[in-house]
Amino acid sequence: MKNNDIWEIGGKTLSSRLLIGSALYPSPANMEDAIKISKSQIVTVALRRQSSGDDTSGDFWNIIKSLGIEVLPNTAGSHSAKEAITTAYMAREVFGTNWIKLEVIGDLYNLQPDPFETVIAAEILIKDGFEVFPYTTDDLVVAKKLANVGCNILMPWGSPIGSGKGLINIDNLKTILKIKPKIN
Amino acid sequence: MKGYILIEVSINGKITKLENDTNIKQMINILNYKSKLYAVAINTTFISINKYEITIIKQGDTIDILAPIQGG
């Protein structure tokens, strides 16, 4: 990306195309430093069950808010459209954004997304005002169906999560871009 | 009538007893949540914050209270 490039996504105009996660850092300070140094303008976040005595989420969220960048909550842990939709509504209330990284897992072995449930959830959420960032495979037909229900953005996997295999089907990704050139 | 009957519900996977006719706002107070950063679902249906006082918890309900966490 050139220095003067801009990226219009989800109603925002950004100068970085890098999305950065907020998990697995050795410490909150390390996370903060990494996000700042990356110059990313989108950080992914999540929700989890909270016990009444646990106030650590407030500390985490205060750091993220202080950075002044976009937050992208996910629906991690969902195995059905119903679960993902409920988590999306909860995320919208907690994080105050209509952005949602839609993740509906179809198989625990490789964390492959369930395309059928993902499309169902995407259509419902978009009708209710969400900007859906769907985690999907590199399947062209699924990509087209997601675009047809209103997704302006796709997050196709390069390879299964954690496999470290990089982009294993780059032709499939290029085909999606060829068929749907306006998709982000 | 509130206060005379106890109901059993699951809150974040833990079986908990509440007085009959308790609403979500009262439940949150009883649980003594210090942070205001959470969202609630009952039986996998999201309950928005403006419905806490009118949503009565029933015997056998499964309640999830979720808060921000690091994620990818």
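Predicted model: local features only at pLDDT ≥ 70, side-chain atom pairs only at ≥ 80, totals over all residues.

User: How many residues of strand E4 of chain A are buried?

Analyst: Helices (H or I, at least four residues) and strands (E, at least two) are DSSP runs, numbered from the N terminus. Buried means under 20% relative accessible area, exposed over 50%, and partly exposed in between (1.4 Å probe, protein chains only). E4(A), residues 42-49, is mostly covered, with 6 of its 8 residues buried.

User: Which strands of chain A pair with E4(A), and in what sense?

Analyst: Two strands pair if DSSP finds at least two bridges between them. Strand E3 of chain A (residues 19-21) runs parallel to E4(A) and is joined to it by 3 bridges; here Gly21(A) stands opposite Thr44(A). Strand E5 of chain A (residues 70-73) is also parallel to E4(A), over 4 bridges, and Glu70(A) in that strand faces Ile42(A).

User: What handedness does the unit of E3(A), helix H1 and E4(A) have?

Analyst: A crossover is right-handed if, with the strands pointing away from the viewer, the path from the first strand over the helix to the second runs clockwise. In chain A, E3, H1 (residues 28-38) and E4 form a right-handed β-α-β unit.

User: Which strand of chain B pairs with E4(A)?

Analyst: That strand is E5 of chain B (residues 62-70), which pairs with E4(A) in the antiparallel sense over 5 bridges. Within this pairing, Gln70(B) is the bridge partner of Val45(A).

User: How is the size of an interface expressed, and what area is buried between chain B and chain A?

Analyst: The size of an interface is often given as the accessible area lost when the parts come together. Buried area is the accessible area (1.4 Å probe) that two parts lose on being put together, summed over both. Between chain B and chain A about 2500 Å² is buried, and carbon and sulfur atoms give 61% of this area. With contact taken as heavy atoms within 4.5 Å, 28 residues of chain B are in contact with 28 residues of chain A.

User: How many salt bridges and polar contacts are found between chain B and chain A?

Analyst: A salt bridge is a side-chain nitrogen of Lys or Arg within 4 Å of a carboxyl oxygen of Asp or Glu. The rule finds 1 across this interface, where the side chains of Asp64(B) and Arg49(A) meet at 3.0 Å, N to O. A polar contact is a pair of N or O atoms within 3.5 Å; within protein, one must be able to donate a hydrogen and the other to accept it, and residues adjacent in sequence count only if both atoms are side-chain atoms. There are 9 residue pairs in polar contact between chain B and chain A, both residues being at pLDDT 80 or more. On the side of chain B that touches chain A, the elements giving two or more residues are strand E3 (39-42), strand E4 (45-47) and E5 of chain B. E5(B) supplies the largest share, 7 residues.

User: Is Ser22(A) buried or exposed, and what does its side chain meet?

Analyst: Ser22(A) lies in the loop between E3 and H1 of chain A and counts as buried, at 1% relative accessibility. A polar atom of its side chain lies 2.6 Å from the backbone oxygen of Thr44(A), and the side chain of Ser22(A) also has a polar atom 2.9 Å from the backbone nitrogen of Gly71(B).

User: Where does Arg48(A) lie, and what does it touch?

Analyst: Arg48(A) is found in E4(A) and is partly exposed, with a relative accessible area of 34%. Leaving out residues up to four places away in sequence, Arg48(A) touches residues including Asp54(A), Thr56(A) and Ile65(B).

Key:
Residues numbered from 1 in each chain as written. Chains lettered and ligands numbered in written order. Heavy atoms only, no water.
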